[in-house]
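Good morning, and thank you for coming.

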Amino acid sequence: MNLFKRIAAFFVGAMLLFANAVDNGGENSLGEAKLVSTDRYVLCDGDFLTQGITTDGVYYYCTGARTYTGFNGIAKIDMKTKEIVQENRNAMPKEMKKQLFNHLGGCSYYEGKIYVAVEDLFRKHPAVAVFDAQTLEFTGQYKILGEDIQPNGNLSWCAADREKGVLYTGISRGGDFVNVLDIETLEPIGRITLETSFHRVQGAEVYDKILYISCNDTDRKKHVYAADLETGKVTTVLERSAATLPTEAEGLTVFPTEDGAFFHVVDVVAMSVGSIRHYSR
C-alpha cells in the first residue's frame, strides 16, 4: 500500500471512529419501530449522503449538495453490499447553473429516472430536474415551478407516486399542502390539503398510497410522518434521537428489505459523515 493510500485509510478510519463515538445510533424510536442498522460514508463518499435518498429495490440513489464548495452530486449504492458503484460528482446541469441553480435536494425514483428537487441561489424559482438512473446523467428535462405552485421559493423534496404516475412536491417550512404534478410533463394538475403543516421537511417518499415525510424539526428529536393522500390525515410513525452532536435529518426512502428494515433515512453528522439509518416499520 503506497503512502497516499495509507494516509487516506487512516483518515477514513479516524472519521468512522469519531462517528461511532459521538453517535448514539438513533435508538430512541416511537412504537414498534426499531433501528436495524446504520451505514456510514465519510469524506468524499459522505458528500453524497447530505440530501436525498430513493430506491428502485436494487440500488439506493443519493443526492448530495454542499453550497460552500459548489458540490452537487448523485451516487448509486448497491443495497446489498452498501458500496457506491457509480457516481456523478458534477450533476448540476450547465444550463441550470447559468440560471443560478446551486442546490440538489430530495429525490425520487420512477421508471428508470431520478426526479430531483433543485433550488437556486436566491431561493426564488425552484425546479424539478430529471436524471437517468442508469447513467446518473441529466436527461435535459426540468421544470421551474412558479410562486403560485411553490411559494417561498424553496423546494427540498419531491416524491413519485408509482401507482398513479404523478409527482408530489411541497414547501419545507409551514406547508400544509402537497402539489400534484404530471410526472411526464411536470405540469401542475392539482393540490392535496393535509390536516397539519410541517416544519423543516427534508425528504419524502410514497409507499402503498401513504406519503412518508422526513423532518429535521427539532435539534435532537427527528420525526417521520405518514400522510394519507386520500383523507389528508397525518400521523407520527417514527421519533428518533439522531446523535449526541448536532445532526441534520435529511431525506428518506421507504422499502421493505430482507433484514426487516422499512424506513431508510439519511442523516448528516459533523465532519462530513453521512449515514443511512435503517428502521423497522
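This is a predicted model: local features need pLDDT of at least 70, side-chain atom pairs count only at pLDDT 80 or more; totals for chains, interfaces and linings use all residues.

Let me begin with a question: is Glu119 buried or exposed? Glu119 is buried, because its relative accessible area is 8%, and buried means under 20% relative accessible area, exposed means over 50%, and partly exposed lies in between, with a 1.4 Å probe and protein chains only.

Residues are numbered from 1 along each chain as its sequence is written, and side-chain values use heavy atoms, with hydrogens and water left out.

Now to the overall picture. The protein has 281 residues, of which 53% count as buried. It contains three helices and 20 strands; these are DSSP runs numbered from the N terminus, helices being H or I with at least four residues and strands being E with at least two. Contact here means heavy atoms within 4.5 Å. Among contacts between residues at least 6 apart in sequence, 49% join residues at least 24 apart. The accessible surface comes to about 12,300 Å², and 52% of it belongs to carbon and sulfur atoms. Such areas come from the Shrake-Rupley method with a 1.4 Å probe, and for residues only the protein chains shown count as cover.

Let us return to Glu119 and its partner. Glu119 forms a salt bridge with Arg123, with 3.1 Å between the closest N and O atoms. A salt bridge is a side-chain nitrogen of Lys or Arg within 4 Å of a carboxyl oxygen of Asp or Glu. Arg123 is partly exposed, because its relative accessible area is 28%. Elsewhere, salt bridges with shared partners join Asp47, Arg66 and Arg89 into one network.

How many salt bridges are there by this rule? The count is seven. One of them is formed by the side chains of Lys82 and Asp39, at 3.2 Å from N to O. Lys82 lies in the loop between strand S4 (71–78) and strand S5 (84–88), and Asp39 in strand S1 (residues 35–42), so this pair ties together parts that are 43 residues apart in sequence. Lys82 counts as partly exposed because its relative accessibility is 23%, whereas Asp39 is buried, with a relative accessible area of 11%.

Since Arg66 belongs to strand S3 (residues 59–66) and Asp47 to the loop between helix H2 (43–46) and strand S2 (52–55), the pair ties together parts that are 19 residues apart in sequence. Both Arg66 and Asp47 are buried.

I turn next to the cysteines. A disulfide is a covalent bond between the sulfur atoms of two cysteines; here the term is applied to a pair of cysteine sulfur atoms within 2.5 Å. By this rule the count is zero. Cys107 is in no disulfide, and the nearest cysteine sulfur, that of Cys62, is 6.8 Å away. Cys107 is buried, with a relative accessible area of 3%, whereas Cys44 counts as partly exposed at 48% relative accessibility.

Which residues does Phe263 contact, leaving aside neighbours within four places in sequence? Among them are Tyr212, Val224, Leu252, Arg277 and Tyr279. Phe263 is found in strand S19 (residues 261–269) and counts as buried because its relative accessibility is 2%. Phe263 and Arg277 are 14 residues apart in sequence, and their C-alpha atoms are 7.9 Å apart in space.

Glu111 is not a glycine, and its phi has a positive value near 45 degrees. Glu111 is exposed, with a relative accessible area of 61%. Asp208, also not a glycine, has a positive phi of about 50 degrees, and its place is the loop between strand S14 (201–207) and strand S15 (210–215). Asp208 counts as exposed, because its relative accessibility is 52%.

Thank you for your attention.
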